[in-house]
Amino acid sequence: MNSVLNIDLEKEADKICDGIRRAMAENLGRRGLVLGMSGGIDSSVCSALAVRALGKERVLGILMPEQDSSSASSDLGKLLAEHLGIRYETQNISGALESLGCYRWRDDAIREVVPEYADGWKNKIVIRGGLDGQINRYELVVEDPAGNRQQVRLPIKPYLQIVAATNFKQRIRKTLEYCWADRLNYAVLGTPNRLEYDQGFFVKHGDGAADLKPIAHLYKSQVYAMARHLKLPDPICNSTPTTDTYSLAQGQDEFYFALPYQQMDIAVFALNAEWTPEKLAKEINVSEEQAAWIFSDILRKRKTTRYLHEAPVLLEAVSLE
Amino acid sequence: MEATRNQVRQYILQNYLFTEDESALSDEVSFLDSGLIDSTGMMEVIFFLEEAFSIKVEDEEMVPENLDSVNNLLHYIQKKSGKAA
């Protein structure tokens, strides 16, 4: 981890656990916490911190695989639940997604740009342009069963349909988390790290919905460091961040962030600390021009995703006192 | 050129500002920096350009200098239309 992001991990873990207990008592009024366990670093660290704050008997993990998610994700989720000694439930959401038309809508949209796309093919969306001073655009990558790949720019209509369809995944998962929370009188814990929260990398009313987001202030590198500090199993500490949403392996930097998380962390930190593009360029080994584009991209994403954080707009104030 | 300017302005005014008030849109303001249009919105603008002016926006042309204000759009449409002619 870059030294500018160094924190006292033990002190930070204590602070977060105090915050979780305080939120439970003062804000939420629930008896425990439910969270979706993807096997990724963020939900794993959140699970461990929740257990440290409330005890293992007050934390429920939900594993929600579907046909496009990696089996490794479920394996890591189970590994962590067993490591922490918490209760967990596994519910495959493929059937619900199928019923809602998630896969059909997505595949219909893909066939608008790749007519030969068929069962057995895989897909993902990648972002292009931001690092080169271009306006961000999205490209569809498909792979036939023989492993042949095509990559094409996505026009607006199929792009929106693919995103809308795949967002069902995050929203169905959150529906299940709240179902379990209601059943147990628990609150739902959300797992975004600072990059995701700052840059709006979440689905509104999907993974963005939660009662408490205890690591939203931690950079991704700090989350990895916290995982090691909390002595989580090695396969989790060494995992690569993926969206686990598309059938082809997709890094978060391919889909949303312009850079790998280690560099994105520094870039967001640098912007917050008012570094110059020149200083950022030296720190993450890009050109000064690229560093300026990175700052612009971060600011634009903040601005254009702000509504994702907002409560519904009311046209007149409504007192709740 | 004035007809094109009007067509572009009306598209932006109606679809992004939800107004018929011409004074709400300055021809030189950056869509992206002002927060008027985001990257998804720019994909819609590209669809509009390709449909309304029968041009193909190439990947390398997706830069702010071509697309990020009414004036930039007009220069770009003019350049592309000239090329097509």
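These legends accompany close-up views of a predicted model.

View 1. Welcome to the inside of chain A. Pick out A:Val45 and look past its neighbours within four places in sequence: its contacts are then A:Ile215, A:Val223, A:Met226, A:Ala227 and A:Leu230.

**View 2. Helix 2 of chain A crossing helix 8 of chain A.** Two packed helices are described by the angle between their axes and the distance between the axes. For helix 2 and helix 8 (residues 220-229) of chain A, the axes come within 9 Å and cross at roughly 50°. The two helices of chain A, helix 2 and helix 8, are therefore oblique to each other. The crossing of helix 2 of chain A with helix 8 of chain A is left-handed. On the helix 2 side of chain A, look for A:Ile41, A:Asp42, A:Ser44 and A:Val45; they meet A:Val223, A:Tyr224, A:Met226 and A:Ala227 of helix 8 of chain A. Sorted by class, the residues of this contact between helix 2 and helix 8 of chain A are six nonpolar, one polar and one charged.

**View 3. Helix 12 of chain A meeting helix 13 of chain A.** Here is another helix pair to explore. The axes of helix 12 and helix 13 of chain A come within 8 Å, with a crossing angle of roughly 105°. That makes helix 12 of chain A roughly perpendicular to helix 13 of chain A. From helix 12 of chain A come A:Pro277, A:Glu278, A:Leu280 and A:Ala281, and they meet A:Glu288, A:Ala291, A:Ala292, A:Ile294 and A:Phe295 in helix 13 of chain A. The contact of helix 12 with helix 13 of chain A has seven nonpolar and two charged residues, but no polar ones.

**View 4. A:Asn285, in the loop between helix 12 and helix 13 of chain A.** Most residues other than glycine have a negative phi. A:Asn285 is not a glycine, yet its phi is positive, near 65°. A:Asn285 counts as exposed because it has 8 other C-beta atoms within 10 Å, and the cut-off for exposed is 12 or fewer.

**View 5. A:His205, in the loop between helix 7 and helix 8 of chain A.** Helix 7 of chain A covers 194-199, and A:His205 sits in the loop between helix 7 and helix 8 of chain A. A:His205 also has a positive phi, about 65°, without being a glycine. A:His205 counts as partly exposed because it has 13 C-beta neighbours inside 10 Å.

**View 6. Where chain B touches chain A.** The contact involves 13 residues of chain B and 13 residues of chain A. On the chain B side, helix 3 (39-53) and helix 4 (64-67) each supply at least two residues. Helix 3 of chain B gives the largest share of that side, five residues. The side of chain B that touches chain A has eight nonpolar, two polar and three charged residues.

**View 7. B:Phe47 and its contacts with chain A.** B:Phe47 is found in helix 3 of chain B. Not counting residues up to four places away in sequence, B:Phe47 touches A:Pro155 and A:Ile156. B:Phe47 counts as partly exposed because it has 14 C-beta neighbours inside 10 Å. Within chain B, the C-alpha atoms of B:Phe47 and B:Val57 are separated by 8.9 Å, with the two residues 10 residues apart along the chain.

How values were computed
Residues are numbered from 1 along each chain as its sequence is written. Chains are lettered from A and ligands numbered from 1 in the order in which they are written. This is a predicted model: local features need pLDDT of at least 70, side-chain atom pairs count only at pLDDT 80 or more; totals for chains, interfaces and linings use all residues. Two residues are in contact if their C-beta atoms, placed from the backbone, lie within 7 Å. Axes are lines fitted to C-alpha atoms, for helices over the stretch in contact, and angles run from 0 to 180 degrees between N-to-C directions. Helices (H or I, at least four residues) and strands (E, at least two) are DSSP runs, numbered from the N terminus. Angles under 35 degrees count as roughly parallel, over 145 as roughly antiparallel, 65 to 115 as roughly perpendicular and the rest as oblique. A crossing is left-handed if the near helix is turned anticlockwise from the far one by less than a right angle, and right-handed if clockwise. Ala, Val, Leu, Ile, Met, Phe, Trp, Tyr, Cys and Pro count as nonpolar, Asp, Glu, Lys and Arg as charged, and the others, Gly among them, as polar. A residue is buried if 20 or more other C-beta atoms lie within 10 Å of its own, exposed if 12 or fewer, and partly exposed in between; C-beta atoms are placed from the backbone.
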